[in-house]
Amino acid sequence: MKGYEYQSDFAKKYVAQGHAEAAARDVLTVLRARGFTVPDAARERILAQKDPERLERWLEKAVVAPSVAAILDDPN
């Protein structure tokens, strides 16, 4: 349901998890579209990330970064 805000902690947890998984897939999609080969360890790290702010930073960097390592190794 569009616009519905889940009230239970259980529901909120799984909705947030779904958003994180989608954001991680977005990062991988941008990297693939840019022609990067993503090593398995990097792919696993991206898919395991649950912090939405970090995933957003990675997505922004994925658009312009010179390499996969430049995205994941940058402390910012």
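1. Buried face of H3. In this predicted model, four residues of H3 are buried: Leu-55, Trp-58, Lys-61 and Ala-62. Seen down the helix axis, the buried residues of H3 fall within an arc of 125°, so they line one face.

2. Opposite face of H3. Turned away from the buried side are Pro-52, Glu-53, Glu-60, Val-63 and Val-64. These residues are exposed.

3. Length and start of H3. The helix has 13 residues. From first C-alpha to last, H3 reaches 19 Å, close to the 18 Å expected at 1.5 Å a residue. At its start, a side-chain oxygen of Asp-51 comes to within 3.1 Å of the backbone nitrogen of Glu-53.

4. The core. The largest nonpolar core holds 15 residues. Leu-31, Ile-46, Trp-58, Ile-71 and Leu-72 touch the most other members. At least two core residues come from each of H1 (9–33), H2 (40–48), H3 (52–64) and H4 (68–72). H1 gives the largest share, 5 residues. In soluble globular proteins, nonpolar side chains tend to be buried together.

5. Ile-46. Which residues does Ile-46 contact, leaving aside neighbours within four places in sequence? Ala-24, Val-27, Leu-28, Leu-31, Leu-55, Trp-58 and Leu-72.

6. Confidence. The protein chain averages a pLDDT of 85, and 75% of the residues score at least 70. Among its elements, H2 has the highest mean (97) and H1 the lowest (77). Over residues 10–15, pLDDT stays under 50. For that stretch the model has 4 contacts beyond four places in sequence.

Note on methods:
Residues are numbered from 1 along each chain as its sequence is written. This is a predicted model: local features need pLDDT of at least 70, side-chain atom pairs count only at pLDDT 80 or more; totals for chains, interfaces and linings use all residues. Side-chain values use heavy atoms; hydrogens and water are left out. A nonpolar core is a set of buried Ala, Val, Leu, Ile, Met, Phe, Trp, Tyr and Cys residues joined through side-chain atoms within 4.5 Å. Buried means under 20% relative accessible area, exposed over 50%, partly exposed in between (1.4 Å probe, protein chains only). Contact means heavy atoms within 4.5 Å. The expected span of a helix is 1.5 Å times one less than its number of residues. The arc is that of the directions from the helix axis to the C-beta atoms. A polar contact is a pair of N or O atoms within 3.5 Å; within protein, one must be able to donate a hydrogen and the other to accept it, and residues adjacent in sequence count only if both atoms are side-chain atoms. pLDDT is the predictor's confidence in each residue, from 0 to 100.
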